[in-house]
Amino acid sequence: MTDLTPPLAPSLSARARAALGRRNLVFVGLMGAGKSAIGRMTASQLGLPFVDTDAEIERVSRMTISELFAAYGESEFRELETRVIKRLLRTGPRVISTGGGAFINEKTRRQIERGGISLWLKADLDVLWERVNKRDHRPLLKTENPKQTLENLMNQRYPVYGLADVTVQSRDERKEVIVDEVLEAIVEYCTKGRKYE
């Protein structure tokens, strides 16, 4: 008598990894959305390397993001960011977490479009504020009213983030739940060829 157990269906991680193929997965969104934490966990599920572009910029420049902003200004920082992201996209597949302003830069956005799938981790103001107001290392929030600055950034940037291939809502939920939603979004987008929100 032979044992005819049906084969196990591939796991969500395996399906997402197969759907992604040789493409990079690039997380975009505002500071505090969870791009690094969720990106790192997603990379682990996919069996891919993870890179945080801010950490990579600090490594190659030997300066913190705040020091770079102070010494060279935002436009010079964005140029460096674009070069670093271009290099990372060429050596994939990998999961990349970008700084909040990266996808806003049209040149960088075009590189991301050519080199990967963009995933916007979208979060409401209260969620973002709860996450970012505990630390003061964010150069763009060193203002008189940082919460208002954050809201202004949302109003300016959310229409551009909306151009991302995939959108997943970041909220006060266990990270594992968000990661599963990210993996489902990848499968949906790559296999059905339609924008996922």
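Let's start at Arg62, which is found in the loop between helix 3 (53-61) and helix 4; helices here are DSSP runs of H or I with at least four residues, strands are runs of E with at least two, and both are numbered from the N terminus. This is a predicted model, where local features need pLDDT of at least 70, side-chain atom pairs count only at pLDDT 80 or more, and totals for chains, interfaces and linings use all residues. Residues are numbered from 1 along each chain as its sequence is written, and side-chain values use heavy atoms, with hydrogens and water left out.

- Most residues other than glycine have a negative phi, and most peptide bonds are trans.
- Arg62 is not a glycine, yet its phi is positive, at about 60 degrees.
- Arg62 counts as exposed because its relative accessibility is 77% (buried is under 20% relative accessible area, exposed is over 50% and partly exposed is in between, using a 1.4 Å probe and protein chains only).
- Gly92 and Pro93 are joined by a cis peptide bond, with omega at about 5 degrees.
- You'll find Pro93 in the loop between helix 4 (65-90) and strand 3 (95-97).

**Helix 2 meets helix 8**

- Two packed helices are described by the angle between their axes and the distance between the axes.
- For helix 2 (residues 35-46) and helix 8 (residues 175-192), the axes come within 9 Å and cross at roughly 60 degrees; axes are lines fitted to C-alpha atoms, for helices over the stretch in contact, and angles run from 0 to 180 degrees between N-to-C directions.
- So helix 2 is oblique to helix 8 (under 35 degrees is roughly parallel, over 145 roughly antiparallel, 65 to 115 roughly perpendicular, and the rest oblique).
- On the helix 2 side, the residues that meet helix 8 include Met41 and Leu46, and their partners in helix 8 include Val182 and Ile186.

- Leaving aside neighbours within four places in sequence, Ile186 is in contact (heavy atoms within 4.5 Å) with Ala16, Ala19, Leu20, Leu25 and Leu46.
- Ala19 sits in helix 1 (residues 12-20), and Ala19 counts as buried because its relative accessibility is 15%.
- Ala19 and Tyr189 are 170 residues apart in sequence and 8.7 Å apart in space, C-alpha to C-alpha.
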